Amino acid sequence: MSADTAEETQEAVETDPVREAIAKAFADHLGEGFIESEIIPGRDLWIRVDRSAWVEAARFAADRLGMTWLDFISAIDWLPSPFGRDMEAEQDWVVHGRDEKPVGEQETGTAGGDSRFQMMLRVYSIGEHQGVTIKADVPDDDLSIPSLLEIFVGANWHEREVWEMFGIDIVGHPDLRALYLPSGFEGNPMRKDYPLVARRVKPWPGIVDVEGMPDDGADDAEKTPVAESEAIES
Amino acid sequence: MTTDHITAELDINDNEQLRYIAAQAVDARVNVELETEGMTLNIGPQHPATHGTLRIVAKLDGEQVIKAEPIMGYMHRGYEKLTEVRTYPQVTTLVNRIDWVGSFANEVPFILAAEDLMEVEAPPRAQWIRTALFEMGRIANIMLFLGDMAVQLGGVTAVFYAFRDREFVLNQIESVTGGRFHPNFNRIGGIKDDLPAGWIAETKSVMQKVRDFCDEMEDLVVGNEIFQLRCRGVGVIPAEVGKAYGLSGANLRASGVDWDLRRDGDSRLAWKDLDWKVWTHPDGDSFARYWVRLQETREATYMVEQILDGLPTGPIMAKVPRIIKVPAGESYVQTENPLGVMGYYVISKGELTPFRVKIRTASFSNMSIAPWLLEGVYVPDIATILASLYFILGDIDR
Amino acid sequence: MLTPLAIELAYWQETIIKGVIGLVAVLLPTGALVYLFLFKMMSFMQSRLGPMETGPYGQLQLLAEFGKFLQKEDIFPAKADRFVFAAAPFVVLVSTFMLVLVLPGGPDATFIDINTGIYFALAVSSVSVIGILMAGWGSASKYSLLGGLRAAGQLIAYELPLVLSVVGVVIMAESLNLSDIVHKQNEFGMWFILPQFIGFFLFLVSVQAELTQPPFDMPQAESELVTGFLTEYSGIRFLLFFIAEFATAAIFSAIGATLFLGGWTIPFVDANAEFMNYIGPLVLAAKMILIAFLIFWFRITYPRFREDQLQRLAWKFMIPLALANIVITAILKVAL
Amino acid sequence: MPKMPGMLVGLRVTAKTFFKTVFPGGPFSPPAPSKGAHTVQYPHVKEAPPTRARGVIALHDDNCTACMLCARECPDWCIYIEGHKELAPPRRAGGKPRQKNKLDRFDIDFALCMFCGICVDVCPFDALFWSPEFEFSEMRIADLLHDKSRLGDWMETVPEFPAYESGADQKVRKVPAT
């Protein structure tokens, strides 16, 4: 990576006409179904469509834009983790008291979003070397999305994975069975409110602080080594 | 510089394919006439052909497969969930274990995605060393394939040669990173350490050994008439079908698709500064996949040599805070890994841990074509096709 | 065969001694082949050493393996046809032991000297097919069944080229008696490998297929059928199959040596001399190892065919070639 | 030149390897397969891993301040540290006594450890080192928990850091003397 190419990316930051054109093509074609697009110039393009336009967007990408290569289909659960700081175990709360960090509002990422679950489709054009991430909100009261099988045969396994990991129903998928999990498994592991038990059965050894001297306060003990090392780093 | 070493010629044998298809059609007719009853054969989860714990439920009619369905999950480790409770530096040590035979390559796209979000960039020397180790990971990975494919077809000797010569590559990786299989060498903003003295010269001699190994494989495996008989026309993937299934890497290039993210992607690794060639093969059958991978291994050795010759000097780490908090945002980076395209979709919320990481692995998509491919083939061809698709179980199950 | 010792023995004494010699004649070459080729040559061809811990250079490894297999539990699958499953290895082994009977080791050193020796040998060798089918069926495992059926199809397909490849030799020797064939080669002035090189080639390939060794190991095909008809066997019964496989390899090599390499004779040495009865078996063993070397070399190097390709090779290539060889041999025999 | 059949070429490859293995010193030297083979007879012959190899973690406990950084950063939570504070004699005569963290317990559970090296990396006080030693298998899994003294014993096996390749910008670190 030489200095020249670094400058190129610097220049590209201002505009990205190729990706803008793609976004515009989507907007023109989908009309009402198109909600939002976001471009990080020189890097990537996100498009958010309505659920009703999900299949149409994929078909448009595949048929008109030549994005016939299916990269992946997945989903995101935007719910902030209800288990607090994730490095901590519930056992730690017994000893140290619960870390009262607020759980926080639900915020969605690039290209926005209104619902808890969001579907993600990534397609790529092998001829043009351009990819796009298409997102679609899945309403909280109706967790379902149409299947993309008729456009991409390879969507089969990806959609099965989404179904079992997030519990989003794939309408029109002929063979909705568990892909990874044993049959009879309860719950959807990739949801944020599904606890990762392995992290919760054992207290985090890192939470134990060095015992203070009898005469000085515990807060001092907390501060010394860690604060010192942090100071070194930053 | 790299084209004159190829001795194998491409003779596309359409007749061979047509004959095979015709023979299958005849068989199918006979079976319909006799109204034979099917048998379900459970191949795996413990079976020599599934190198790992893949299970294939095949409905057979005699020796012919009517329907085959891969069933996985026996090795699902839930990395996407685990990454949500690991800090960014800890994630690399986990994702090492996705494709465990070429694991250096697993770290790179994740680190690149995180670097994208943090808007830091590794110094040139780090990028070049990354590229060298990436390619050595590729060599270590594909060498195993080159031997394993032969052993799946019954030729036991090739795999011993593969392990023998792969050991040299692993030793070189270990003497830099400290880990033979799981280097955990990438850091956000650079790499952990610089090369030890004498490494470059030694690596060059190892690359020569790898090329000798490739020649040996060409003589022992590729040139063998039985091997060609077993592979030509078996498991033909048309390019369009391959794309729709999301196939990538050598599997797609063997169908004639000239696409390699090392050349065509916007990666910041050193590939674009090197002189190399993307190998394709028009046939799309098992033989083509083997052939393309063989050429890629050879090409990779030349790439490593070029990198070692042109290694820039300088630091290996950019300025990065010791405690890494990645700014909020989303980033998707994919690279051309040994098994195919691997990508990490990283969503950060500005905390110590990623909010969500979607891991796009190559073998997952590569295997999803298996039910389509296995339909109508004979039982021995299951082994051929699975071996030629080349999957690593960890890469399917994650 | 004991007449040269000039000791008068009762019939039962002779039978016991012959039995012991027969056992040695089967087990010793088997052990030699396994150690020499499977353990050592294969290892060296793969840049490794093979067994090294038991005895100097791992020479006692076979004994250790033997002990290991004896100790192991003799497992019967739950749904196996117990009698068939248990009997199968013995059937295979019996065919092996009967093969060795007709092998001549010297001018008088034979177990039985029958006029249809080669005919008997080839007929008896097919008995093993039944054993393998029994193993495949009796195991009540789909892998075993597929393996057994493959084996049956393969052994039947390759029986024919095997027989036909020998016919050329028989025509030249004008006898089916193996001792006669050996003597004829001596009289003829050259080993039959030279005029019958096509026959030798066909014989080698067919033997390879008969032994289910790569490139014809589909009945066992590890990457497809786990180990085919052997999948469910363990302990002593697996050992019996193992012995039978390599003993058959040894005996077929010896038959090949007898047919094509002059058997126990040495060129320019009087074949009817008394001492040939003692040197003969050694000479035969040396020639056997030569042929076994080829068989194992192929085994180590080649990948395997697919079942249909194997059949195609047998019926479309080898049998016509063998027939052509017979015709040419016959014409030359009459013409000259 | 007519092409040799591939099956014969294959035979040549295995035969060549055979002779390379049996006669590593050339065709006229005595056979020496144990030299020619690429395998190593492990309990009798041992390969030396490279100096950077991540074999086992050694602890130089004089340097450890019980700062917990390694335990915090460990992805497997396999490091257990306990410590207390005590007063150490002053560095200079007449100075104030220093406060010092004293290490009571430092255990690494190698049954859990992934050998990722993060703890060694994050240690700001040069107390943890990698040793290429790899022979510490145990009959019982509980014995894989190495305590402070066992980890300290590994310090003897820690090699010096290797020099860097030319063009490197790094300084070679030093292993503290035990």
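A: In sequence order, the elements of chain D form the pattern α-α-β-α-β-β-α-β-β-α, which amounts to five helices and five strands, where helices (H or I, at least four residues) and strands (E, at least two) are DSSP runs numbered from the N terminus. The radius of gyration of chain D is 25 Å, well over the 16 Å that the globule rule gives for 178 residues, so chain D is more spread out than a compact globule; this radius is taken over C-alpha atoms, and the rule is 2.2 Å times the number of residues to the power 0.38. The C-alpha trace of chain D spans about 90 × 45 × 30 Å along its principal axes.

This is a predicted model, in which local features need pLDDT of at least 70 and side-chain atom pairs count only at pLDDT 80 or more, while totals for chains, interfaces and linings use all residues. Residues are numbered from 1 along each chain as its sequence is written, chains are lettered from A and ligands numbered from 1 in the order in which they are written, and side-chain values use heavy atoms, with hydrogens and water left out.

Of the 178 residues of chain D, 44% count as buried, a term that stands for under 20% relative accessible area, with exposed meaning over 50% and partly exposed the range in between (1.4 Å probe, protein chains only). Among the contacts in chain D with a separation of 6 or more, 64% join residues 24 or more positions apart, a contact being heavy atoms within 4.5 Å. The accessible surface of chain D comes to about 9900 Å², and 57% of that area belongs to carbon and sulfur atoms; the areas come from the Shrake-Rupley method with a 1.4 Å probe, and for residues only the protein chains shown count as cover. Chain D carries 23 positive and 22 negative charges, whose mean positions are 7 Å apart. Here Lys and Arg count as positive and Asp and Glu as negative, with His and the chain ends not counted, and each charge is placed at NZ of Lys, CZ of Arg, CG of Asp or CD of Glu.

Within chain D, A37(D) is found in the loop between helix 2 (33–36) and strand 1 (56–59). A37(D) is buried, with a relative accessible area of 8%. Its contacts, leaving aside neighbours within four places in sequence, are with S47(C), R48(C) and L49(C) and with T21(D). In the case of T21(D), 16 residues in sequence separate it from A37(D), and the two C-alpha atoms are 5.2 Å apart in space.

T212(C) lies in the loop between helix 8 (197–210) and helix 9 (222–225) of chain C, and is buried with a relative accessible area of 5%; beyond its neighbours within four places in sequence, T212(C) is in contact with Q154(C), L155(C), D217(C), P219(C) and Q220(C). I331(C), in helix 12 (residues 307–335) of chain C, is instead exposed, with a relative accessible area of 51%, and its C-alpha atom is separated by 35 Å from that of F296(C), 35 residues apart along the chain.

Chain C also meets chain B: 25 residues of chain C are in contact with 35 residues of chain B. The area buried between the two chains is about 2600 Å², of which carbon and sulfur atoms give 60%; this is the accessible area (1.4 Å probe) that two parts lose on being put together, summed over both. S223(C), P303(C) and R306(C) supply 24% of the area that chain C buries against chain B, more than any other three residues.

Buried residues make up 71% of chain B, and residues 24 or more positions apart account for 73% of its contacts with a separation of 6 or more. Chain A has six helices and seven strands, and of its 234 residues 47% count as buried.
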